[in-house]
Amino acid sequence: MRYITSGQRDLPVALIFLMIILIGGLSACSAGRTLVFLGDSNIWYGGDDCSGERSWNHWLLEMNPGDTGRSFARSGATWTNTAHTAVDTRHYSQVLNDTNVIYNQVKRLEESVRDGEIHPDVVYISAGINDAWFADRRPGIYSMDPSELLAEKSKEGCNMPSAPSEAVSLAESVDLALTELRRFLPERTRIVVVTPARCLKGRQDDFLKVCGIMAEVAAVNGADVVRIDRDLPVDLKRDAADHYFTFDGVHTTPEAAKEIARKVNRQLASDGKIK
């Protein structure tokens, strides 16, 4: 008669546990990333669920089908704060005003992270058109340049702005928003600043100046930067004639949004930083 030892009886159980561990590991490896988007109307057009084809976030997710996305963007938002900007996560607006700023989108994201609603792997921030277009509505926008900001931050015991109403230049506003993001996000979470594509609205020198400031301050803060303004040529004369890139001079067509997504996806993949 052949007897089954206790070790043999335990073998199937051990195999089952091993299979569970392996399957769990494979699931973890194949799980997609959670992408979060902050920004202005060219992101807002995608909707909170990023399903709108006029926003490049929709196409970025299409190119990365394992990923999921959520947008906190608002039409009319600027990076730049004013002396009247208050922290307000409940205010909703689709037009330019003192409260409709990236900093408040950051604070809304913080609430969602704190409540366990979302765990971002990558946070994209794409804004700047309204800063350039409505520079006169942001009177302090150029009151401090990136070199002055960096010099100020390097001073021993310096007191940088801790509230949006104290950070009224574009450089300080970008710095404050990115500093706040890094404060509550896990170290593994990547922050990516995406400059906007050129458009027909506003003065081109303001637009290029705004994009340069954004990119420089973002780099100083350790964020990844995608220079769509520089790396994706837009024929403004052609767009004025047939709206091949924007449907109204500022908001991207689905085809243009897809091209921006390709550029974001390609650059980040080639840098080896995201993919």
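Which residues lie nearest the centre of the largest cavity? The structure is a predicted model, in which local features need pLDDT of at least 70 and side-chain atom pairs count only at pLDDT 80 or more, while totals for chains, interfaces and linings use all residues. Residues are numbered from 1 along each chain as its sequence is written, and side-chain values use heavy atoms, with hydrogens and water left out.

The chain contains 11 helices and five strands (DSSP runs of H or I with at least four residues, and of E with at least two, respectively). Of its 275 residues, 50% are buried (under 20% relative accessible area with a 1.4 Å probe, protein chains only).

Four cavities of 30 Å³ or more were found in a search of the whole structure. A cavity is a set of points, on a 1 Å grid over the protein atoms alone, where a 1.4 Å probe fits but cannot get out; lining residues have an atom within 4 Å of a point. Grid points are joined across faces, edges and corners, and a volume is the space filled by probe spheres set on the points.

The largest cavity has a volume of about 130 Å³. Its lining comprises 17 residues, and N42, I129, P196, A197 and I260 lie nearest the centre. By class, this lining has 10 nonpolar, five polar and two charged residues (Ala, Val, Leu, Ile, Met, Phe, Trp, Tyr, Cys and Pro count as nonpolar, Asp, Glu, Lys and Arg as charged, and the others, Gly among them, as polar).

For the second largest cavity, the volume is about 80 Å³. Residues lining the second largest cavity include R74, D88, H91 and R108. The lining of this second cavity divides into one nonpolar, six polar and three charged residues.

Key: On a 1 Å grid over the protein atoms alone, a cavity is a set of points where a 1.4 Å probe fits but cannot get out, and a pocket is an open set with protein on both sides within 12 Å along at least five of seven lines; lining residues have an atom within 4 Å of a point.
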